[in-house]
Amino acid sequence: MGQGLYNSEPVFKAALAQCAELLAPLLKENLLDVMFRDEHKALLSKTIYAQPALFSLEYALFQLWKSLGLQPDVLIGHSVGEVVAACVAGVFSLKDAITLIAARGRLMQALQENGAMASIHASKETVIRVMKGFEEEVSIAAENAPGQQVISGERKAVQEICALLQAAGTKSKML
């Protein structure tokens, strides 16, 4: 994740180092070790490290692009990208954004292991119809687009809903 840019672009490296420094008291392992040292890379599969790493990478990319004269008129993001967009737009400081994203990663990591999410390529109405009988175990977590929903809830129920949708020819993917 960005090692080539880290090794070759001083602005990118400085921004990533700044994020790692702010994250140091919030994470057990050093962010740069997690991102770039082989013996730590398995930690990237843990949300507690993945979200701060994604945030830091996106923030460093923004700083690199800015140094090259690319200044957006509009910023938008999804999930971790929303926090990066808000930070670089001046909604809150880098320190506050880092604190927020570290807390978000920590809280998501602490969720039950029995939970699951799935991306479904169908209308909200279709997903709601197929979810009948699973309302206590599963809900729509996000409507990313008119034909793309994310459901979350108890793993077995999410898997059953995906199986029903796939049997009807609707594409879904466990997240």
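How many residues lie between strand 2 and strand 3 in their hairpin? The views below come from a predicted model, in which local features need pLDDT of at least 70, side-chain atom pairs count only at pLDDT 80 or more, and totals for chains, interfaces and linings use all residues. Residues are numbered from 1 along each chain as its sequence is written, and side-chain values use heavy atoms, leaving out hydrogens and water.

**View A. Strand 2 and strand 3 form a hairpin with 2 residues between them.** Strand 2 covers residues 138–145 and runs antiparallel to strand 3, with 6 bridges joining the two. Strands pair if DSSP finds at least two bridges between them. Strands here are DSSP runs (E, at least two residues), and helices are H or I runs of at least four, both numbered from the N terminus. Ala145 stands opposite Gln148 of strand 3.

**View B. Gln149 is buried in the model.** This residue belongs to strand 3 (residues 148–154). The Gln149 side chain reaches the backbone oxygen of Ala122 at 3.2 Å. Contacts (heavy atoms within 4.5 Å) of Gln149 include Ser119, Ile120, Lys124 and Glu143.

**View C. Helix 2 packs against helix 4.** Axes are lines fitted to C-alpha atoms over the stretch in contact, with angles from 0 to 180 degrees between N-to-C directions. Among the contacting residues are Phe12 and Leu16 of helix 2, and Phe55 and Tyr59 of helix 4.

Definitions and conventions:
Buried means under 20% relative accessible area, exposed over 50%, partly exposed in between (1.4 Å probe, protein chains only). A polar contact is a pair of N or O atoms within 3.5 Å; within protein, one must be able to donate a hydrogen and the other to accept it, and residues adjacent in sequence count only if both atoms are side-chain atoms. Lists of a residue's contacts leave out its neighbours within four places in sequence.
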